[in-house]
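Thanks, everyone, for making the time.

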Amino acid sequence: MARDAKKNQVPAVRRPEVRLPDLLPFADGELESEGDYDGLEFRDLDFVGQEGRGARFMDCGLFGVALDETRLSRVRFMDSVLEGVRGVGTDLAEASLRDVEIVDARLGGTQLHGAVLERVVVRGGKIDYLNLRKAKLKDVVFEGCVLVEPDFAGARLERVEFRDCVLKGADLSGATLKDVDLRTVASLEIARGVDRLRGAVISTPQMLDLAAVFAAELGVRVE
């Protein structure tokens with residue numbers, strides 16, 4: 001019995017352990033493409049419409065930064081904290097996030113397609129229309145946040161936990177899931193790709209809530 005219980009356990013997510021050093025204030029005014037930022041604090045700054053493609057942020061803290069239409073494709077965030085960032089249409093396509101904490105973000109239409117997220121925590125806040133198509137997520141936790149119509153189509157999720165969050169209208173079309181824990185999601189709504197839940201763990205109440213979706217996927221009519 002003990003062996004069976006251990007076999008059925010979901011592997012624990014490896015969370016980031018971010019310990020920021022004493023940060024120096026960013027004083028350059030604007031971001032630069034291919035810029036190299038190390039040990040800097042970006043606080044209450046307006047980066048609306050700016051371009052920082054391919055930039056590297058190492059041991060940095062972004063606090064209350066505005067990122068509307070900011071172009072940050074292929075950016076790299078390592079050992080960094082993004083807290084209270086906000087914006088619509090932020091371009092983070094093909095970005096790389098490793099050992100990163102995202103706290104109380106308010107984002108809409110964020111483009112993270114093709115991105116790689118490893119040891120990332122997204123805690124609190126609300127993100128609408130998050131595009132994670134064909135992204136790779138490993139050791140990622142979404143905790144206490146609201147995700148409205150997130151797009152995971154074609155993405156690969158491994159050791160990903162959705163803890164005490166709201167998941168509305170998720171698209172899992174073509175996604176690959178391995179050790180994905182959905183058991184504590186407060187509200188679970190899957191718009192497309194329910195057939196891709198293989199590799200995920202859900203609770204009994206969630207299974208009942210999704211019964212109609214499963215039946216429709218199988219072509220079963222319930223009367």
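Let me begin with the cavities: in this predicted model, there are two of them with a volume of 30 Å³ or more.

The largest cavity holds about 210 Å³ of space, and 17 residues line it, those closest to its centre being Leu92, Ile102, Leu107, Thr110 and Leu112. If you look at which elements give two or more residues to that lining, you will find strand E6 (76-83), strand E8 (96-108) and strand E9 (116-128). How do the lining residues of the largest cavity divide by class? There are 15 nonpolar and two polar residues, and no charged residues.

Turning now to the second largest cavity, we have about 60 Å³ of space, and here the lining includes Phe152, Phe162, Ala170, Val180 and Ile190, together with several leucines, among them Leu157, Leu172 and Leu188. At least two lining residues come from each of strand E12 (156-163), strand E13 (166-171), strand E14 (176-181) and strand E15 (187-192). By class, this second lining has eleven nonpolar residues, with no polar and no charged ones.

The average pLDDT of the protein chain is 92, and 92% of the residues score at least 70.

Note on methods. Residues are numbered from 1 along each chain as its sequence is written. This is a predicted model: local features need pLDDT of at least 70, side-chain atom pairs count only at pLDDT 80 or more; totals for chains, interfaces and linings use all residues. Side-chain values use heavy atoms; hydrogens and water are left out. pLDDT is the predictor's confidence in each residue, from 0 to 100. On a 1 Å grid over the protein atoms alone, a cavity is a set of points where a 1.4 Å probe fits but cannot get out, and a pocket is an open set with protein on both sides within 12 Å along at least five of seven lines; lining residues have an atom within 4 Å of a point. Grid points are joined across faces, edges and corners, and a volume is the space filled by probe spheres set on the points. Helices (H or I, at least four residues) and strands (E, at least two) are DSSP runs, numbered from the N terminus. Ala, Val, Leu, Ile, Met, Phe, Trp, Tyr, Cys and Pro count as nonpolar, Asp, Glu, Lys and Arg as charged, and the others, Gly among them, as polar.
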